[in-house]
Amino acid sequence: MTFLRSVVGKLWLTIIFLVAFILFILTVMLLEFFENNNLMETKNDLTHQAEKIAKVLVNHPGEQFPLGLEISWEIIDDVTNVVIIKNDQEVYYSPNSEKSVKLSIEDIRNDVELSNVFKENIKVEKVSKLSSKDSENDIAKYSIIGVPLHMDEGQSGAVFIYQSLEVVQETTHSTTNFILLVAGVAIILTTIFAFFLSTRITAPLRKMREAAFEVARGKFDTKVPILTHDEIGELATAFNQMGRQLKFNMNALSQEKEQLASILSSMADGVITFNRDGTILITNPPADRFLQYWYYEKGSSSATTEEIPTEAMDLFQKAVDLEKEQIGEITLQGRHWVVLVSPLYSNRFIRGAVAVLRDMTDERVLEKMRKDFIANVSHELRTPISMLQGYSEAIVDDIAESQEEKKEMAKVIYDESLRMGRLVNELLDLARMEAGHIQLNLDQVNLHSFMNRIVHKFQGFARDNEITISADLEHDIPNLLFDPDRIEQVLTNLIDNAIRHTPQGGSVKLRVKTDDFGIKVEVSDSGSGIPEEDLPFVFDRFYKADKARTRGRAGTGLGLAIVKNIIDAHRGHISVQSKIGQGTTFTFLLPRK
């Protein structure tokens, strides 16, 4: 069946069917022609012989009649029988006439057509069966020719000559066998020709099919050899041109795709492309961070679904239904996102939408930060200055009566001066970092020993506050190039904040694991958490947690700002996730150099 479904099989069947049909029609026509021609020739020959015999008998009347009979018997052949009727009493049969099968005068007189020779004195022709005396069954058909015989005695007679049609049938059968033999030879030769023609046609087609499969697998350099200069050769030329053009188009599409991917990955705004049914097709890193905020908001640690915020889905539905741009605002984890959704068209039909996400948190708090900066500095300096002023006045006014009281006041003045110096130094360090003047001393660091040393440093402090601190590091973490002093400053600040904001019986965990881009470090606690409205400001200057949630000494509010600048100097990224009553997690990524 596979062969019959192939091009070779179809061409072979078509050619064989066409040739067989033509040969069948030709054979039928030739057989009919030969059969009719043989009958006609036989009739003409019998008629000629009958007329010749009648003429011989007429030329030998009277006593010469026996000689005429002898001459007549010599005229006919072995398969031809003659009946000469001179009158009703004189009937002569040829010597080769069979006794069992003879054309009797009764048969002639009783036959309507044959009797016309006597009645109307005309020539008659008939094909009939002769009765056999030995059997009741009819024998083969005979062609009977009758011509009138006019003797000098004035008697009216006739010459009947008849011959079996088996001779004609044998001739027709031989002709049929010959024609069938010729037809068989023609079909065999046609089959050979059909296979030869089919292979000549299908050989380049098979090469084109193989080349098409290669092109479908991405091998656009595949070429079809041009073996002929006919339509198939032109098809091979067109196929090769198609392959070259397809390769050019695929390269152009690949370049455009890479260019689009580079543009999307380098964009500061998030981009999400949706299908018509709302399925997410493409996202870039800022959009991934936006979705991570959404998944964390839902209580999921990873993106296990393709859900998006309800507000964004509503904007998507409006953009698709109204075929207009839609703009809205979404707040997640204290950050403000402006979402612009525009429909995407395929010709005249909408095939989806694209959402552009812009984090407007920094812009919105920038003005607030400018206003709060002077107030924060004034607030931080007012307390130590007031204390310095008060205690110095007390010393000047001799309020302190004893030397011990004077020393105690001087001690307070000294501590406050140190606090002011620390505040000023941190401000200067932060200013240098933000100005880009930070200098990193990079070194290859073994992370296992480095992290364990930092955790060990806080074991005593954590134990005093009845807090459990632990480290969870992957076994196959490679060494990383960074400034160990600066990263230790980062971890010290984060762990110290975590311990101070975690109640007794809580825990602080340090996790280190590898990432596709570098090393990811997480510092998480089981503390009271940070309010959502404060999350966008945790890395700002002078940000402090609620004093009711702070145990021990208060900081200056510059630690996390310094941490962010150190991570930025390492070309990393730091983020925070928190929920009230569930703890806080600070995560920073150190990229591989």
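**Pockets and sheets**

Colleague: How much space lies in the largest pocket?

Modeller: Bear in mind that this is a predicted model, where local features need pLDDT of at least 70 and side-chain atom pairs 80 or more, while totals for chains, interfaces and linings use all residues. Residues count from 1 along each chain as its sequence is written, and side-chain values use heavy atoms, without hydrogens and water. A pocket is an open set of points on a 1 Å grid over the protein atoms alone where a 1.4 Å probe fits, with protein on both sides within 12 Å along at least five of seven lines. Counting the space filled by probe spheres set on the points, joined across faces, edges and corners, the largest pocket comes to about 1200 Å³.

Colleague: Which element gives the largest share of its lining?

Modeller: There are 32 lining residues (an atom within 4 Å of a point), and Gln-292, Lys-520, Ser-575, Gln-577 and Thr-587 are the closest to the centre of the largest pocket. The elements giving two or more residues are H8, strand S14 (507-514), strand S15 (518-525), strand S16 (573-579) and strand S17 (583-591); these are DSSP runs numbered from the N terminus, helices (H or I) of at least four residues and strands (E) of at least two. With seven residues, the largest share comes from S17.

Colleague: And which element gives the most to the lining of the second largest pocket?

Modeller: That pocket has a volume of about 900 Å³, and Arg-335, Asp-359, Asp-362, Lys-564 and His-573 lie nearest its centre. H8, S9, S10, helix H10 (361-396), helix H15 (559-569) and S16 each give two or more residues to its lining. Five residues come from the element that gives the most, H10.

Colleague: Which residue in S10 stands opposite Ile-272?

Modeller: Start with the open sheet of five strands, ordered S7-S6-S10-S9-S8 with antiparallel pairing (strands pair if DSSP finds at least two bridges between them). Six bridges join S6 (residues 270-275) to S10 (residues 349-359). Opposite Ile-272 stands Ala-355.
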